[in-house]
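I open this notebook to record what I looked up in the structure shown below. The entries go from the contacts between chains to the parts within a chain.

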Amino acid sequence: MSEQTASSVRYEEATKRYPGASSPAVDELTLEVPAGEICVLVGPSGCGKTTAMRMVNRTVEISAGDVLVGDRSVRDREPAQLRREIGYVIQQIGLFPHRTISENIGAVPQLLGWKKERIRRRSGELLELIGLDPELGDRYPSQLSGGQQQRVGVARALAADPLVMLMDEPFGAIDPINRERLQNEFLRLQAEIRKTVLFVTHDIDEAIKMGDRIAVMREGGRVEQYATPAELLMAPANEFVEDFVGADRALKRLALMRVADIDLWEAPLAFVGQATGEVRAKLDSPAVEVPFPLLVDGERRPLGWLSERDLAADVVPGRPDSPLGPVLELDDVMRDALADLLQHETQYAPVIDRGGRIAGVLSVEIISEFLGSPEAKSDEHPAVERPHG
Amino acid sequence: MIGHLPLASFTGAIEFIFSPQESNVTGGKKVGGFDKSMELLIKHLEVTVLALAIALVIALPLGLYLGHRGKGEQLAVGLGNAGRAIPELAVIALVAVLIGVGLPNVAPVLAILGIPPILNNAYVGVSQVDRAAVDAARGIGMSETAIIRKVELPIAIPTVMGGIRSAAIAILATATIAPLAGVESLGDFILNRNVYGENGLLAGAILVALLALAIEGSLALLQRRLTSDGLKVKTA
Amino acid sequence: MGNPFVLAAGEVGGDFFKERDVGDLCQAQTQHVFCFDWARENIDRFEAPTVQHLEIVIPALVIGFVVAFALALLAHRTRWLQPPLLAATGILYTIPSIAFFFLLLPLTGLGRDTAIIVLSAYTLQIIYRNTILGLNNVPAAVKDAARGMGLTPRQILWKVELPLAIPEIIAGLRVAVVSTIAIATLAVLISAGGLGTEMYGSNLTFPTSIIIAGAIVMLMALAFDAILLLVQRLTTPWRRAARA
């Protein structure tokens, strides 16, 4: 891989006005996405999030202001050239039906004039990276399932090693079980490749799961809050955000709950010396919600998280690649647990029982889902409109 | 025989349609005129309508039924393709020689040219109707014939009418050579050159062209009237 | 009223019986539906009209395709042109070819050129409409993805949209080819030759010739259709994969 694998993206009062529209679709948006992070643009439909995302590769032309990729204005770039450096994944996938899977993945490299042999090698690499049988490379898109097609969509976007990825509701058309699996796969992938990702969704749970940072937007592309997922739940900036994330008063209930009161996720466990193949098989199960396996000792006490690199070996190593991070206890008050996640800027943490053994995993997503559930809402509060995928 | 006609012949032809004219072969006798034109035009229409009616009675119910059952695609579509390959000149000539001249012989044969497009389009139109709509109709207790009449046919109208339009134009065009088999039509002006001359030849061509455009236009209007407003939005 | 076809027979095939002594081979030939003896002896005489037929049909189809395809590309880029072009080609399609032949006499006279012009005008609508249909049927998501990946508009047209429109384009071509081959028999009426010469004229009373000429026309149509079907199969392998 080249030295620079990701660029920051900076919106500077970027504005999009459509002819005939009374107000701008995106009005003076200012936002900075650090290199290598996933920034989720979330908001109700019509809030301008997709328009904002599309300014980056100039599939939407900027009316005023600017967008910088790295330190260069996209306005100075030739659109086709610019787009070849930016990965693009859309909800309807848009694979070329008349090209094989390998040809689809090799489309941008081909535009960039790579040699045939290099394209072929790269396609093979990416098929492996997204966990597809290399034999599928000679098939046509219509012969693949929806989930497989979207994996190919992601691979195609990654083919020329782009500095930035734009993902517009990439998993929106996939059934819930496969969506979960694809989200986890992408998070694992991202931990390796560290691209700058602009991810658009209208689903706050997906935003909280996928985002390093989340920009909550409303009509006109106005950013109501730009924060980490936990911060968004703990300290919504205003009523709009509160309503949108479903935090409102239900958040206060967290102060009255303990971690044990909520359904935790089951951690995919890995033991030192276990064959990594077995661990991988466990990760592929649709029931698994945590994207990374948790390394535990013989007493099932958590030691750390395994990364993709750890899994590249034949057997599970004794010293994991990633630190354990915060560890919660079943008796912890939920509010404190959430604060802990917030403070460590992490999405999830293992929960242990009094004996120090693993009891499950708590994630910001679980809390967010809980806050959105009817049981968390008091009657006097009108239901928040939560668009569904 | 006529080689290049002068451009001015169009004027002569138009005069021929409205009042009897002398022409290059008539030796001072006046032929044509409005009454004659109308007489042949109406006869042309009669042959066309009769043949189209026969074709409709045979092909439309069959096409709708096959489309409804989703069976007989080979028959419906195959006939549609093969039908286009039939040279109409050969058909008319053979009728005259083998079966006999006159309307009772010619109309059914012209109908044969109309059957393939009607059958093909009725089949395709109905078989492409959203199965969910048909299921819903069955679910609320409609009989199979009611489903065809009230659900499938209305939804398939644009395609079905497209087939009827093709059939009408094919029959109308072939009716032009019907005089070869002893059936009067506007083709008389064109084919009987030693009666009507150059003026008649061009007048016949003009009248046939206008009649075809008028029929096509009327059927297109009819199609618009028959098509539910709910189906018009997506037509590009 | 006299027998119109006798009156009309005029100049075109009038020398038929003089040239070929049909009577020797098939006595009372009008009672025979098909006279095998005559067919065996005379099959050669269909060669020249068959070649003439091809000389009308092929140029007409090539011209029709090139013009219709160019119009479709133009209308694809300039959307507002689509309805007027559809209407204009529709008029050319609706005017019966036999009328069209004679309407052109003051402009282009008798002969092959007129036949080619009329037949290519006839094919415009079918090919134009199907090409536009094919281009419009390309999923928006595929075009969006192509654009987002950095394909230029020209690359999107030639590498994505046109390949995906091949099935519709060829479907249109098949209809055009088969119809044109059948209609070209009428070219005999304007002295342009072709297989119509063996159907029309004094030999109207001799069914064997009409049947053979008609069969050649239909076989020719079938052969062209089969070739186009094969071309479609070879150029759209992804469609077979989808069905498998």
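**Entry 1: chains C and B.** I began with the contacts of chain C and found that 45 of its residues are in contact with 47 residues of chain B, contact meaning heavy atoms within 4.5 Å. I note that this is a predicted model, in which local features need pLDDT of at least 70 and side-chain atom pairs count only at pLDDT 80 or more, while totals for chains, interfaces and linings use all residues. Residues are numbered from 1 along each chain as its sequence is written, chains are lettered from A and ligands numbered from 1 in the order in which they are written, and side-chain values use heavy atoms, with hydrogens and water left out.

I then looked up the area. The size of an interface is often given as the accessible area lost when the parts come together. Chain C and chain B bury about 3900 Å² between them, and carbon and sulfur atoms give 78% of this; buried area is the accessible area (1.4 Å probe) that two parts lose on being put together, summed over both. On the side of chain C, the residues that lose the most area to chain B are C:T94, C:F102 and C:P106, together 15% of what that side buries. I counted 0 salt bridges between chain C and chain B, a salt bridge being a side-chain nitrogen of Lys or Arg within 4 Å of a carboxyl oxygen of Asp or Glu.

**Entry 2: chains C and A.** Here 20 residues of chain C are in contact with 26 residues of chain A. The buried area is about 1900 Å², 64% of it on carbon and sulfur atoms. In chain C, the greatest losses of area to chain A fall on C:R147, C:M149 and C:W238, which together make up 31% of what that side buries. I found 1 salt bridge between chain C and chain A. The side chains of C:D144 and A:R54 form a salt bridge, at 2.7 Å from N to O.

**Entry 3: the chain pairs together.** Which chains have the most contacts among the 2 pairs that touch? They are chains B and C. Chain A and chain B do not touch, and their nearest C-alpha atoms are 21 Å apart.

**Entry 4: chain B.** I listed 10 helices and 0 strands in chain B, where helices (H or I, at least four residues) and strands (E, at least two) are DSSP runs, numbered from the N terminus. Along the principal axes, the C-alpha atoms of chain B fill a box of roughly 75 × 40 × 30 Å.

**Entry 5: the domains of chain A.** Chain A is divided into domain 1 (9-245) and domain 2 (256-372), with bounds from an automatic or database domain assignment. Their centres, taken over C-alpha atoms, are separated by 27 Å. I found 18 residues of domain 1 of chain A in contact with 24 residues of domain 2 of chain A. These two domains bury about 2000 Å² between them, 59% of it on carbon and sulfur atoms.
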